[in-house]
Each structure stands twice: as structure tokens, then as C-alpha cells.
Amino acid sequence: MSGQDMKTEYPFVLPRGYVDPQGRVHREGLMRLATARDEIAPQTDPRVQQNSAYLTVLLLSRTVTRLGAVTDVGTDTIENLFASDLAFLQDLYRRINQEGRTEAEVNCPACAHAFLVDVAGEAPGES
């Protein structure tokens, strides 16, 4: 695979969506692969020093490049996500940066047949 073929951005659809200060809901977004700097720089941030859980907020604010119409995704945006959306993005981050994929194997609850589901989801209207 050449560098041109490597996927570095991953679209996603949040389970609930980010509600901006004007009350608009943003569900579709884009996350890019993390760089070494993305993972190293937050380690010296005083907020991470005081609360290690804040590392997640910083990592996501650095790698989520778009959330609906919001193109400047900062820590305040990530802090105001619903818990289920934060958990979704944490899982997506782990999948694309550690496993290199967004698919998960699941089993049908009715017949137990195993199949792959893309947890990043598709934008509405795409197939």
C-alpha cells in the first residue's frame, strides 16, 4: 500500500449528537489519525496533570476535525458531548489508532450469525 492509499480520516455519526449553544444538533463528523505529537503534547498539560481523565478530551479535540458545521472542535466542544457520544469517540479513536480499522465483529441476537459492522457508521443517505 502506498502512502496515497493510506486512509487518514474517518467519517462517523454520533449516537446522539453535539448540541451547540444555538440548540443545533451535529451528528456527522470526521476524525483523523493521531500523530505522535497528538499523544505526547497533552501529557504536559496542567489539566491532565490534575486529572488524567482529561487526556481523552485533549486527544479528541486534536483529532476530531469536524462535527457537523463545527470545524473548530475545541476542548469546550468535547466537554459538552453527551457521555454516550464521548464513549463512542473514545472507542473510534482506539480502533483507528491502535487497531487500524473501524469494523467490529458482532453476532445476530436472533440466529447468532457473526458479521462485521462499521462502528464509525455512514452519513445519512450513503450506502
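Student: Which residues have the most contacts inside the largest nonpolar core?

Tutor: In soluble globular proteins, nonpolar side chains tend to be buried together. In this predicted model, the largest nonpolar core has 22 residues, and Phe 12, Met 31, Leu 67 and Leu 89 are the ones with the most contacts inside it.

Student: OK, let's move to the strands. In what order do the three strands of the open sheet come?

Tutor: Start with the general idea: strands of a sheet pair through backbone hydrogen bonds, either parallel or antiparallel. Here the order is E1-E2-E3, in an open sheet with antiparallel pairing. On average, neighbouring strands are turned by 25 degrees against each other, if you ignore direction.

Student: How many bridges hold E1 and E2 together?

Tutor: Seven bridges, linking residues 9–19 of E1 with residues 25–32 of E2 in the antiparallel sense. To find one by eye, go to Val 13 and look across to Glu 28, its bridge partner in E2.

Student: What sits between E1 and E2?

Tutor: Five residues, and the two strands form a hairpin. Check Gly 23 in the turn: its phi is positive, about 90 degrees.

Student: How many bridges join E2 to E3?

Tutor: Three, with E3 (residues 64–67) running antiparallel to E2. Met 31 stands opposite Val 64 in E3, and you've already met Met 31 as one of the residues with the most contacts inside the core.

Student: Where does H5 lie relative to these strands?

Tutor: H5 lies across E1, E2 and E3, and it runs at about 170 degrees to E1.

Student: Last one: what pattern does the protein chain follow along the sequence?

Tutor: There are five helices and five strands in the protein chain, and read along the sequence they give β-β-α-α-α-β-α-α-β-β. For contacts with a separation of 6 or more, residues 24 or more positions apart account for 50%.

Technical notes:
Residues are numbered from 1 along each chain as its sequence is written. This is a predicted model: local features need pLDDT of at least 70, side-chain atom pairs count only at pLDDT 80 or more; totals for chains, interfaces and linings use all residues. Side-chain values use heavy atoms; hydrogens and water are left out. Two strands pair if DSSP finds at least two bridges between them. Helices (H or I, at least four residues) and strands (E, at least two) are DSSP runs, numbered from the N terminus. A nonpolar core is a set of buried Ala, Val, Leu, Ile, Met, Phe, Trp, Tyr and Cys residues joined through side-chain atoms within 4.5 Å. Buried means under 20% relative accessible area, exposed over 50%, partly exposed in between (1.4 Å probe, protein chains only). Axes are lines fitted to C-alpha atoms, for helices over the stretch in contact, and angles run from 0 to 180 degrees between N-to-C directions. Contact means heavy atoms within 4.5 Å.
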